[in-house]
Amino acid sequence: MSKPKKKWGQNFLRNRGAAERIVAAVEPRDGEIVLEIGPGEGALTEKLLDLGRPTVAIEIDPELAARMRSRFGDRLTVVNADAIDADLPQQPYRAVGNLPYNAGTPILRRVIADPRCRRAVFMLQKEVAERLVAHPRDEPYGYLTLYAQLFADSRILMTLEPKSFHPAPKVRSAVVVLDPVPPRYTCDRERLIALISASFRMRRKKLVNNLTDWLDLSRDAVHEAIAAAGLPEGVRAEEMSLQEFDALCRAIAHREL
Ligand code: SAM
């Protein structure tokens, strides 16, 4: 066995019960394939193949990718690539993975934004998982919470202690299940994402301060849009729901007409 490589976040799962629960949560439907991100030494892969679906695994480490190919042969399609920009499957799929800590968030963001993804079951750093399921005013609530809500409902399946992995990471982990939802916003999506990002620029500041000069908006224009969206004058981004950001996005777009 080769030495786990830190640069690729290689903390291999050594908890069989957790692996079984993760795989049971995938629940592929007819016509859906399985996409595993970062199969590593195959702790999940073996059980995923028992689901009896065509399965694709994207692994960045050429040594582990080769090992997966020789271990599973024709049963598994192994792609030696970076999941941050690798091609995703062309048919509907359910994604699963014990994601590397250093690339977990960008991988999650692109997978849930992909319309062919029908569910994602991802192990992440517990703090990241908590951001996904946070509510307005919760400490972890922020850009990632709202970004995820554009695409999916998130729930935490379980949390795991460092001793469930080899080598043990410094942080706790959690498995999140993300189920796609139809759009619950009406504004242009890219515009809405840009608005949310600008609104959280300085977390503790009032919204009006974060948005003044964004898209050349004057302070008065921001005040007017906040009022038109039915929000209190001194509102902060951390208090606002996705629907409220959507209303604000529309109010700003309306002003620009
Ligand atoms: N699934 C295995 C398990 O649960 O034991 C391995 C999990 S380990 C936390 C993360 C895996 O993702 C490693 O195999 C690592 O090489 C791979 N990996 C890291 N960065 C990646 C990336 N950008 N794209 C694809 N795979 C990546």
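User: Let's start with E139: buried or exposed?
Analyst: E139 is exposed, at 57% relative accessible area. The cut-offs are under 20% for buried, over 50% for exposed and partly exposed in between, using a 1.4 Å probe and protein chains only. Keep in mind that this is a predicted model: local features need pLDDT of at least 70, side-chain atom pairs count only at pLDDT 80 or more, and totals for chains, interfaces and linings use all residues. Numbering starts from 1 along each chain as its sequence is written, and side-chain values use heavy atoms, with hydrogens and water left out.

User: What does the side chain of E139 meet in a salt bridge?
Analyst: That would be R204, at 3.5 Å from N to O. A salt bridge here is a side-chain nitrogen of Lys or Arg within 4 Å of a carboxyl oxygen of Asp or Glu. E139 sits in the loop between α5 (126–132) and α6 (143–151), and R204 in the loop between α7 (189–199) and α8 (207–211), so the pair ties together parts 65 residues apart in sequence. Those element names come from DSSP runs, helices being H or I with at least four residues and strands E with at least two, numbered from the N terminus.

User: And which other residue forms a salt bridge with R204?
Analyst: E238 does, with the closest N and O atoms 2.8 Å apart. This one links distant parts of the chain too: R204 is in the loop between α7 and α8, E238 in the loop between α9 (219–228) and α10 (242–256), 34 residues apart. E238 counts as buried, at 14% relative accessibility.

User: Which residues end up in one network there?
Analyst: Shared partners join E139, R203, R204 and E238 into one network of salt bridges.

User: How many salt bridges does a search of the whole structure find?
Analyst: It finds 15. One of them is between R172 and E161, whose closest N and O atoms are 3.3 Å apart. R172 lies in the loop between β8 (165–166) and β9 (173–180), while E161 is in the loop between β7 (152–160) and β8, so this pair ties together parts 11 residues apart in sequence. R172 is partly exposed at 38%, and E161 is partly exposed at 36%.

User: Going back to α6, how many of its residues are buried?
Analyst: 7 of the 9, so α6 is largely enclosed by the rest of the structure. The buried ones are L144, T145, L146, Y147, A148, L150 and F151.

User: What lines the largest pocket?
Analyst: It has 36 lining residues, with G38, P39, G40, E59 and N98 nearest its centre. The elements giving two or more residues are β1 (12–13), β3 (55–59) and α3 (62–72). The largest share, 4 residues, comes from α3.

User: How about the second largest pocket: how much space is in there?
Analyst: About 270 Å³. Of its 13 lining residues, K6, N11, P167, A168 and P169 are the closest to its centre.

User: What's the peptide bond from H166 to P167 like?
Analyst: It is cis, with omega near -10°. P167 is in the loop between β8 and β9.

User: Back to E59: what does it stand opposite?
Analyst: E59 stands opposite N80 in β4. Strands β3 and β4 (residues 76–80) run parallel and are joined by 5 bridges; two strands count as paired if DSSP finds at least two. From β3 the chain crosses through α3 to β4, and this β-α-β crossover is right-handed: with the strands pointing away from the viewer, the path from the first strand over the helix to the second runs clockwise.

User: Last one: what's the phi of E27?
Analyst: It is positive, about 45°, although E27 is not a glycine. E27 lies in the loop between α1 (16–24) and β2 (33–37) and is partly exposed, at 47%. L215 also has a positive phi, about 55°, and is not a glycine. You'll find L215 in the loop between α8 and α9, partly exposed at 40%.

Key. On a 1 Å grid over the protein atoms alone, a cavity is a set of points where a 1.4 Å probe fits but cannot get out, and a pocket is an open set with protein on both sides within 12 Å along at least five of seven lines; lining residues have an atom within 4 Å of a point. Grid points are joined across faces, edges and corners, and a volume is the space filled by probe spheres set on the points.
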